[in-house]
Amino acid sequence: FIPPPHLPEMSFASEKDLGVAFPFTGRKRSTTVYGLALLHGMNEMLGVSTRVGSKEWRWGYMPHVVRTVEALANSEEKALVAACRFCVDHVYSSMRFVKHDGTEVGLKEAMEAPKDPTRTFGTQVVEGEIDGLGSWRDVSVQYEGQAWSKDALEKLVSAWATAGRIDRSAVESVKFFNSLDKIDLKNTYFLLLGATSEMGPLDFLLELGANVLAVARPDSKNKKKWERLRKMAKGSRGKLICPTLNGNPGADLLTQTPEIAAWVTSVVPANSQLVVCNYAYMDGGDFVRVTAAMDAITRQVAAKHHTNKLTLATVDTPSHAHVVPNVCKSFSEQYFQSVPTYQRFLNKIGVLKPNCFKTTRNGLLADGLVAMQGPNYALAKLIQRSRSILAHSSGIKVSSTIGPPTATDSVLHAPGVGDALKQMYRFKPFAYYRVHTVKPLLFMLLINDLLNPASKANPNNGEILSFLTENAWDGGVWSGAFLHRSVGKIAFAHHVVEKYATHAAVVAVLVGLVAMRTMIWR
């Protein structure tokens with residue numbers, strides 16, 4: 001499964017490969033071969049065999065990802081951390097970097113080589129014009145047409161926890177957030193990799209006085225974002241800090257990775273509080289590429305910053321294999337007992353698969369993977385989680401929160417996904433949410449991780465993997481009666497029936513009338 005070494009004299013780079021790129025296998029950059037090699041390497045570290053061929057990979061990858069995560073969950077801390085270290089080190093040493101002149105080197109070499117002074121970033125700073133500290137009252141959660149905050153929000157999140165949609169620890173985190181009369185972030189730097197992400201906390205951070213290093217692509221002909229960001233910053237209490245090249249704000253995570261890392265370390269004081277947020281998303285294999293880029297930047301920045309002044313932050317997905325709270329199994333069994341008759345029938349004929357859990361050394365393992373998301377998505381999330389575990393075990397604070405199924409543009413633009421999501425309420429306790437519900441609550445959970453000394457984001461506050469499930473907002477994926485990936489097709493079928501029911505009824509009436517007329521004339 002290990003791809004052959006890259007041959008420098010062979011140059012097949014195209015414009016779409018610029019920046020962080022997969023290594024060549026022959027004359028092709030194969031995401032399949034790369035994914036197999038990474039899983040195989042981790043499995044070898046953990047003493048687990050890898051049995052999968054490349055032809056099975058696109059739609060058959062899920063059991064093999066589960067096998068790797070299960071092996072991690074069954075390992076002692078030392079072996080678990082070693083496998084996570086292998087994962088991120090393998091990505092750093094094996095991914096390639098295609099320069100603008102077409103020459104290609106390893107990602108590690110590109111990150112550690114002297115930087116081209118002609119491509120060095122300048123800095124633009126936009127100061128907020130509002131004085132004073134931010135207050136918790138500036139953040140509320142919009143849900144079902146209402147704004148929820150303070151006691152009402154605590155009750156709402158508690159109701160979700162009672163239904164099995166969010167971990168009970170989130171209620172305590174919301175209580176902690178509400179207990180903060182004022183939030184002072186003016187001495188904290190936040191590096192937002194993917195600053196304009198739909199779910200990102202840019203606007204909240206600025207409002208609460210933070211220093212935000214915003215990394216997002218420069219403006220294009222169709223997308224003009226930087227003027228909007230400048231206006232947002234001016235109307236806030238915070239400070240927007242952005243990289244510039246030739247006077248133009250913005251930086252490309254894929255193609256300017258080394259320069260971004262150098263810029264961050266030159267701007268952020270070494271003794272300041274720094275939160276590195278990995279929020280960028282791209283489709284398909286590009287998600288692995290941008291994840292590798294963010295991890296390379298994180299590695300460089302962390303190496304030059306004090307460990308006790310550094311926090312890593314990311315949002316994970318429930319649609320993966322995870323060690324989950326034990327209560328999820330109890331919820332799943334309860335919901336299975338009360339499923340509608342047609343769902344029970346679909347279960348008996350093998351269409352709807354029951355949710356399954358495995359007991360491991362480090363907790364209960366659940367499989368939330370969905371075939372439609374693809375192996376590259378699963379691989380990218382595994383890389384991010386490996387970095388989180390490795391950082392947390394080395395004494396770095398890590399905020400890694402499970403975010404629920406959310407109707408973002410990146411989710412809804414996939415054919416059929418949005419239609420299926422709207423029907424998932426039929427499979428209790430599954431729920432999907434709007435951005436204006438998820439974004440502010442995820443921000444509250446981030447603040448809890450940053451400021452609450454009892455948070456498991458702090459190293460040594462719990463078991464090795466406990467920080468990954470604290471505040472987990474799975475939206476019912478782990479607590480439902482049925483395996484997440486077996487529900488999607490049935491949910492989409494519900495959509496089709498609803499959409500075409502009227503048409504089908506009209507056609508049936510017309511057919512009936514024609515049949516009756518034919519009988520009369522006979």
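Author: Let's start with Asn-246, which sits in the loop between strand 13 (239–245) and strand 14 (248–249). Keep in mind that this is a predicted model. With a relative accessible area of 75%, Asn-246 is exposed, because a residue counts as exposed when that value is over 50%. Its backbone deserves a look too: phi of Asn-246 is near 55°, a positive value in a residue other than glycine. Why point that out? Most residues other than glycine have a negative phi, and most peptide bonds are trans.

Asn-460 is not a glycine either, yet its phi is positive, at about 75°. You will find Asn-460 in the loop between helix 17 and helix 18, and it is exposed, with a relative accessible area of 75%.

From there, move along to Ser-466, in helix 18 (residues 466–469). Its relative accessibility is 13%, so Ser-466 counts as buried; the cut-off for that word is under 20%. Leaving aside neighbours within four places in sequence, Ser-466 is in contact with Lys-456 and Asn-461.

The peptide bonds have something to show as well. Lys-428 and Pro-429 are joined by a cis peptide bond, with omega about 5°. Pro-429 belongs to the loop between helix 16 (417–421) and helix 17 (435–451).

Loops can hold buried residues too, and Val-268 is a case to look at. It lies in the loop between helix 10 (257–267) and strand 15 (273–278), and its relative accessible area of 7% makes Val-268 buried. Not counting residues up to four places away in sequence, Val-268 touches Tyr-189, Leu-213, Leu-274 and His-305. Leu-18 is 250 residues from Val-268 along the chain, and their C-alpha atoms are separated by 28 Å.

Thr-50 is 13 residues from Ala-37 along the chain, with 9.7 Å between the two C-alpha atoms.

Now let's see what gathers inside. In soluble globular proteins, nonpolar side chains tend to be buried together. Here the largest nonpolar core has 82 residues, and those with the most contacts inside it are Leu-107, Leu-191 and Leu-253. Among the residues that Leu-107 touches are Val-20, Val-91, Phe-97 and Ala-292. There is also a second, separate core of 52 residues, which includes Trp-160, Phe-176, Trp-226 and Ala-431.

Finally, step back to the whole protein. Its secondary structure comes to 19 helices and 20 strands. The radius of gyration is 25 Å, close to the 24 Å that the globule rule gives for 522 residues, so the protein is as compact as a globular protein of that length. Buried residues make up 55% of the 522 residues. Of the contacts between residues at least 6 apart in sequence, 79% join residues at least 24 apart. The protein has 59 positive and 45 negative charges, and their mean positions are 6 Å apart.

How values were computed
Residues numbered from 1 in each chain as written. Predicted model: local features only at pLDDT ≥ 70, side-chain atom pairs only at ≥ 80, totals over all residues. Heavy atoms only, no water. Helix = DSSP H or I, 4+ residues; strand = E, 2+ residues; numbered from the N terminus. Rg over C-alpha atoms; globule rule 2.2 N^0.38 Å. Buried < 20%, exposed > 50% of the residue type's maximum accessible area, 1.4 Å probe, protein only. Contact = heavy atoms within 4.5 Å. Lys, Arg positive; Asp, Glu negative; His and termini not counted. Charge placed at Lys NZ, Arg CZ, Asp CG, Glu CD. Core = buried A, V, L, I, M, F, W, Y, C linked by side-chain atoms within 4.5 Å.
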